[in-house]
Amino acid sequence: WLPEDLQRVFIEIKNEYQAPDAIIVGAMLAAISHACQQRVTLKRGKIETPVCLNLIFIAQSGERKTAVEKLVMAANVGFDQASRKNCSLDIPAFKADLDVWTAARKGLMAQLKSAVKNNEEVKELELRLRLHIESKPIEPVMSKTVYNDTTIEALLDGLNTSNPSAMLMSSEGATILFGPAIRGVDKLNI
């Protein structure tokens, strides 16, 4: 009922955690869906839409929801952690590059103002300024794709500035169903 590779993973998790089948399979489907949702689209006629899964599992306390979730989602969460680490390493270099770029822009602007004031030819300076503006350093963006207890504003900001694909998840349903993100669900296109 599962592809062979997933069946082996399922059996390993089942043997290790003794969790209900639905929790294990659901967590696996959630991880796979999250990992590929921004790369897969569904075409219906001329309409193309992203695919996603909306999953809710109801289980009693002690049925290993959190343990299975942490295990199966480790790579997905690890992707976000690596992105944060890489971004934090890139920020100082970006700031230094931006300072140099800003100083060079100010110098070009001063030259341009002086040339205009003295009624001199400015075509070359305009071209240099345009080329300089095109070379502005790009700020590193941290890719955040997994959200737990978040506000709708933070989720929407992340979707707009970080990554257009995200997963809102928690092993405790109340965190999602009664948390701040659900209050703005009407703003999401789901």
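R64 is found in the loop between β2 (47-50) and α3, where helices (H or I, at least four residues) and strands (E, at least two) are DSSP runs numbered from the N terminus. This is a predicted model, in which local features need pLDDT of at least 70 and side-chain atom pairs count only at pLDDT 80 or more, while totals for chains, interfaces and linings use all residues. Residues are numbered from 1 along each chain as its sequence is written, and side-chain values use heavy atoms, with hydrogens and water left out.

Although R64 is not a glycine, its phi is positive, at about 75°. R64 is partly exposed, with a relative accessible area of 38%; on this scale, buried means under 20% relative accessible area, exposed over 50%, and partly exposed in between, with a 1.4 Å probe and protein chains only. A positive phi of about 60° is also found at N119, again not a glycine, which lies in the loop between α4 (74-117) and α5 (123-134). N119 is exposed, with a relative accessible area of 73%. As background, most residues other than glycine have a negative phi.

In soluble globular proteins, nonpolar side chains tend to be buried together.

How do α1 and α2 pack, and at what angle? Their axes are 10 Å apart and the angle is about 130°, where axes are lines fitted to C-alpha atoms, for helices over the stretch in contact, and angles run from 0 to 180 degrees between N-to-C directions. The two helices α1 and α2 are therefore oblique to each other, given that angles under 35 degrees count as roughly parallel, over 145 as roughly antiparallel, 65 to 115 as roughly perpendicular and the rest as oblique. The contact, meaning heavy atoms within 4.5 Å, is made by L6, V9, F10, I13 and K14 of α1 and by D21, I24, V25, M28 and I32 of α2. F10 itself touches W1, L2, D21, I24, V25 and M28, leaving aside residues up to four places away in sequence.

A further helix pair is formed by α4 and α5, whose axes come within 10 Å and cross at roughly 160°. These helices, α4 and α5, are therefore roughly antiparallel to each other. On the α4 side the contact is made by W101, A104, R105, L108, M109, Q111, L112 and A115, and on the α5 side by L125, E126, R128, L129, H132 and I133.

Beyond α5, P140 has its place in the loop between α5 and β3 (146-147). P140 touches C87, D90, I91 and F94, not counting residues up to four places away in sequence. P140 and V40, 100 residues apart in sequence, are 25 Å apart in space, C-alpha to C-alpha. Back in helix α3 lies K70, which is exposed, with a relative accessible area of 60%.
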